[in-house]
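Here is a short tour of one structure, written to be read with the model open beside it. Please take a look before reading on.

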Amino acid sequence: MRERVFFPVSNSLIFSSLALRVLKHLPGTDSLDFEKVTPKQMREIRRCIRRMKKIHKGWCLVDVLNGDTSVKIKI
C-alpha cells in the first residue's frame with residue numbers, strides 16, 4: 001500500500017537569505033560553493049522560480065521511482 005505524505009514549504013523560506021546562512025554553516029557542505037552566493041542572487045532565484053511556475057503549471061523538479069517508493073518534488 002502506498003502512503004502519500006505532503007509537506008508544504010514556501011519557496012521564500014527555502015530560497016531565503018536565512019536559508020543561505022544556515023547552508024553555509026552546516027557540516028558537510030564545505031565542498032559546495034555557498035560562500036559565493038549572495039542574498040541578491042537568492043532573490044533572483046526566487047523570482048525565476050515564480051516565473052517558471054506561471055509558465056509551467058505542473059512543473060516537477062524531481063520525480064524518482066524506486067520499486068514501490070516514489071519521491072516527487074514540485075516547486
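This is a predicted model: local features need pLDDT of at least 70, side-chain atom pairs count only at pLDDT 80 or more; totals for chains, interfaces and linings use all residues.

Arg43 sits in helix α3, which spans residues 39–55. Its C-alpha lies 8.3 Å from that of Ser17, although 26 residues separate Arg43 and Ser17 in sequence.

Now for the nonpolar core. Five residues, namely Phe15, Leu20, Met42, Ile49 and Ile75, make up the largest one. If residues up to four places away in sequence are set aside, Ile49 is in contact with Phe15 and Ile75, and also with Asn11.

The largest pocket is worth a visit too, with a volume of about 890 Å³. Its lining has 24 residues, and those closest to the pocket centre are Val5, Phe6, Lys72, Ile73 and Lys74. Three elements each contribute two or more residues to this lining: α1 (11–14), β1 (60–66) and β2 (69–74). Which element gives the most to the lining of the largest pocket? That is β2, with 6 residues.

| Class of lining residue | Number in the largest pocket |
|---|---|
| Nonpolar | 13 residues |
| Polar | 3 residues |

Conventions: Residues are numbered from 1 along each chain as its sequence is written. Side-chain values use heavy atoms; hydrogens and water are left out. On a 1 Å grid over the protein atoms alone, a cavity is a set of points where a 1.4 Å probe fits but cannot get out, and a pocket is an open set with protein on both sides within 12 Å along at least five of seven lines; lining residues have an atom within 4 Å of a point. Grid points are joined across faces, edges and corners, and a volume is the space filled by probe spheres set on the points. Helices (H or I, at least four residues) and strands (E, at least two) are DSSP runs, numbered from the N terminus. Ala, Val, Leu, Ile, Met, Phe, Trp, Tyr, Cys and Pro count as nonpolar, Asp, Glu, Lys and Arg as charged, and the others, Gly among them, as polar. A nonpolar core is a set of buried Ala, Val, Leu, Ile, Met, Phe, Trp, Tyr and Cys residues joined through side-chain atoms within 4.5 Å. Buried means under 20% relative accessible area, exposed over 50%, partly exposed in between (1.4 Å probe, protein chains only). Contact means heavy atoms within 4.5 Å.
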